[in-house]
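Please keep the sequence and the structure in view while reading.

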Amino acid sequence: MLRHAVQRHYSSIHGYAERRLSRPLADDIAAETFLIAFDRRDTYDLSRPDARPWLYGIASNLISRHHRTEIRQYRALARTDVSEVGEDHAERVADSLDAFAARGRLAAALAELPAGDRDVLLLVAWAELTSDEVGRALGVPAGTVRSRLHRARTKIRAVLDAAPTRKER
């Protein structure tokens, strides 16, 4: 079962860790996730046909140990914010800069979220887990997941909606 899980889920676990931290750390996180899964294979609930939420839970716990690195990465992205676009740029370049600026604001907002809210938001957005799967991954009730997700989305939306787009400038 575990060999199949590694083959099936390694790239998604690695990608999730890389988006949250960096490639070198993602290599370590992904490898350690599957090492821990192997060590704990006797505790896995075989009534659950998909090991994905369990693996994301392990990866999220490992990532939380690197919390300061993740926050520094989001803050660095936020500092690359593009605030103004000149009128003479081509439309697609300006749109690209708007997207780049939004990425900086998004990174800053992610850095300010409480760790539990950020974990829930990113597991739903990047890992495409359901509320129930996130709950299993993090060991919290699905209702708590939905509350955290709502709170995180509200904060992110407020940050993104507060900044003017190029067309509003």
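Two residues are said to be in contact when they have heavy atoms within 4.5 Å. The structure discussed here is a predicted model.

T69 has its place in helix α4, which covers residues 67-79. When residues up to four places away in sequence are not counted, T69 touches L21 and L25.

## Aromatic pairs

A pair of aromatic rings is described by the distance of the centres and the angle of the planes. A search of the whole structure finds three such pairs, and two of them are described here.

Y10 and F34 form a tilted pair, with 5.8 Å from centre to centre and 35° between the planes. Y10 belongs to helix α1 (residues 2-20) and F34 to helix α2 (residues 23-39), so that the pair links distant parts of the chain, 24 residues apart. Y10 is partly exposed, at a relative accessible area of 32%, whereas F34 is buried, at 8%.

Y44 and W54 also form a tilted pair; the centres are 4.8 Å apart and the planes make an angle of 50°. Because Y44 lies in the loop between α2 and α3 (52-64) and W54 in helix α3, the pair ties together parts that are ten residues apart in sequence. Y44 counts as buried at 8% relative accessibility, while W54 is partly exposed at 22%.

Apart from neighbours within four places in sequence, H9 is in contact with F34, D50, R52 and L55. F34 is thus a contact of H9 and a partner of Y10 in an aromatic pair.

An arrangement of another kind involves F38: the charged end of R41 sits over the ring of F38, 3.9 Å from the centre of that ring.

The buried residues are D117, R118, D119, V120, L121, L122, L123 and V124.

Two packed helices are described by the angle between their axes and the distance between the axes. The axes of α6 and α8 come within 8 Å and cross at roughly 90°, which means that α6 is roughly perpendicular to α8. On the side of α6, the contact is made by G116, D117, V120, L121 and V124.

## Helix α7 and its crossing with α8

Helix α7 (residues 131-138) and helix α8 (residues 142-162) have axes that come within 8 Å and cross at roughly 105°. The two helices are therefore roughly perpendicular.

S131, D132, V134 and G135 in α7 meet A142, V145 and R146 in α8. By class, the residues of this contact comprise three nonpolar, two polar and two charged.

Definitions and conventions: Residues numbered from 1 in each chain as written. Predicted model: local features only at pLDDT ≥ 70, side-chain atom pairs only at ≥ 80, totals over all residues. Heavy atoms only, no water. Axes fitted to C-alpha atoms, helices over the stretch in contact; angles between N-to-C directions. Helix = DSSP H or I, 4+ residues; strand = E, 2+ residues; numbered from the N terminus. Parallel < 35°, antiparallel > 145°, perpendicular 65-115°, else oblique. Nonpolar A, V, L, I, M, F, W, Y, C, P; charged D, E, K, R; others polar. Phe/Tyr/Trp six-rings, centres within 6.5 Å; stacked < 30°, edge-to-face > 60°. Buried < 20%, exposed > 50% of the residue type's maximum accessible area, 1.4 Å probe, protein only. Lys NZ or Arg CZ within 6 Å of the ring centre and 35° of its normal.
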